[in-house]
Structures are given as C-alpha cells and as structure tokens.
Amino acid sequence: MDYITYFRVSTKKQDLGLDAQKTIVNRFLKPEDNVIFSYSEKETGTKKRVQNELLQAIEKCKITGATLLIAKLDRLARNVSFISTLMDSNVEFKALDMPHANKLTIHIFSAIAEHEAELISQRTKAALAELKKKGVQLGNPQNFTQEGRKKGASINKAKALSNTNNRKAKAYIQSLKVQGLTNSKIAKQLNENGFLTSRGKRFRTIQVQRLAS
C-alpha cells in the first residue's frame, strides 16, 4: 500500500518527538508498503491553525491516491480545524495510536476534547492558584506532614487533570456516558480504541470512574 506520512511535534514539549514517531511508523509498515512522501512540522505554540505541511500532505494524497499515515493523532485530534480539514479533504487516513478511529468518532472527539481541554486548563490554574494562596509551596519536598500530604494530594489531582492521556480519555468517556454505557463497558471501549492511562497502562473500571467524576 502507498502511504504519505505526516509528523507533527510540539515546540514546547517533546513528549513524543519526531524520531519516536518515525519509529512507530517504521514498525507498522510492511515490506510491501511504500512511503511516497513524508511531511513534518512543529506546532506554533497555542495557535490552532492548520499549517502548510499538512495541507501539502493532503493534496499529495489526493493526487497519488495514497493513504495519509499519522503516528500519533492525540496531539492533533484536539484541534477542530485540523479534523475539519482532514474530513473535508475526503482522503483516507490511518492513525497508529487510534487504529479503530474513523472520521465520525474523531470529529466528535475533537470537538469535545478541545472544549474539555480549555475547561481543564482553567480549573487547573484556579486550583493551583488557590493552593498557592493558602501558602502551599508547590513542589516542596519537605511537605511530609499529614497536612502536607493532603495538600500534595490536591496538587497531584490538579496535575492529573492536565495530563494529555487523561484529557483525551475524559472527553471520550463523556461522549460514551451520554450513550448510557457503564464504566466497565467504557473501559473496554477505551482499551479497544488504544487509549492509555496517565501512566501508559490499560484502563480499568475504577480509573474510568475517577475520570468521569
């Protein structure tokens, strides 16, 4: 099969850099597969615009009939403009970190996740500001008293809300909750669709319950 690869990395946090994404793609490709072209670019801070390399990759897919191959979609699926561009192009695509995803589920996920990410960011900043207001020294290793541990738990909870895997999973959980699925069934759906916990593990019912609350 013919593929055109597209890589995108953050200028702020290299949680899965270009080399790592290329390794994921190379492991996926079969000997008979052919990568016609490859495109890569960096995110521009907090800007959500669709960048030139992506548009070129999509156009090349249209011309050649190749499939767009993306190593890690979760950094892109929160960007509604990216998903809209991908869907409107009508090109075939495959995301290696979300192998069961289709255009409809990703579009729903992107809208929910982008909104949820904004809310989580606001809540996290407010929570950390409140802790600082109360005199908590964030990251202080001397907070080992009972009170310190309680404050530390609050800090960890705030940090957990901003975790990339948690943000992605929480948005998907909310969309499944609307459908009336139980926590155990949601955990199964998350695992089948390649979602991971904040520690990179498979989901269990208790973890779904925590993120759903």
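This is a predicted model: local features need pLDDT of at least 70, side-chain atom pairs count only at pLDDT 80 or more; totals for chains, interfaces and linings use all residues.
1. Local features need pLDDT of at least 70 and side-chain atom pairs count only at pLDDT 80 or more, while totals for chains, interfaces and linings use all residues. Residues are numbered from 1 along each chain as its sequence is written, and side-chain values use heavy atoms, with hydrogens and water left out.

2. The chain contains 9 helices and 4 strands, where helices (H or I, at least four residues) and strands (E, at least two) are DSSP runs, numbered from the N terminus. Read from the N terminus on, the elements follow the order β-α-β-α-β-α-α-β-α-α-α-α-α.

3. The chain has 213 residues, of which 39% are buried; here buried means under 20% relative accessible area, exposed means over 50%, and partly exposed lies in between, using a 1.4 Å probe and protein chains only. The chain exposes about 12,500 Å², and carbon and sulfur atoms supply 51% of that area, as computed by the Shrake-Rupley method with a 1.4 Å probe, where for residues only the protein chains shown count as cover. If contact is taken as heavy atoms within 4.5 Å, then among contacts between residues at least 6 apart in sequence, 68% join residues at least 24 apart.

4. The strands form an open sheet of 4 strands in the order β2-β1-β3-β4, with parallel pairing. Strands β2 and β4 (93-95) stand at the edges, and because each has a single partner strand, one side of each is left without a neighbour in the sheet. On average, and with direction ignored, neighbouring strands of this sheet are turned by 20° against each other; axes are lines fitted to C-alpha atoms, for helices over the stretch in contact, and angles run from 0 to 180 degrees between N-to-C directions.

5. Two strands count as paired here if DSSP finds at least two bridges between them. Strand β1 (residues 2-9) is mostly covered, with 7 of its 8 residues buried. This strand β1 is joined to β2 (residues 34-42) by 8 bridges and to β3 (residues 67-70) by 4 bridges, and both pairings are parallel. Individual partners can be followed in the structure: Y3 has V35 as its bridge partner in β2, and Y6 has I70 as its bridge partner in β3. On β3, I70 also stands opposite A95 in β4, within a parallel pairing of β3 and β4 that has 3 bridges.

6. Which strands does helix α1 touch as it packs on the sheet? Helix α1 touches β1, β2, β3 and β4, and its direction makes about 155° with that of β1. Helix α2 (residues 52-64) lies across β1, β2 and β3, and runs at about 165° to β2.

7. The structure holds 1 aromatic pair. It is formed by Y3 and F28 in an edge-to-face arrangement, with 5.8 Å centre to centre and 70° between the planes. Rings of Phe, Tyr and Trp (its six-membered ring) pair if their centres lie within 6.5 Å, and planes under 30 degrees apart count as stacked, over 60 as edge-to-face and the rest as tilted. The pair links distant parts of the chain, since Y3 belongs to strand β1 and F28 to helix α1 (residues 18-28), 25 residues apart. Y3 is buried at 5% relative accessibility, whereas F28 is partly exposed at 26%.

8. N90 lies in the loop between α4 and β4 and counts as exposed, at 60% relative accessibility. This residue N90 has a positive phi of about 65° although it is not a glycine.
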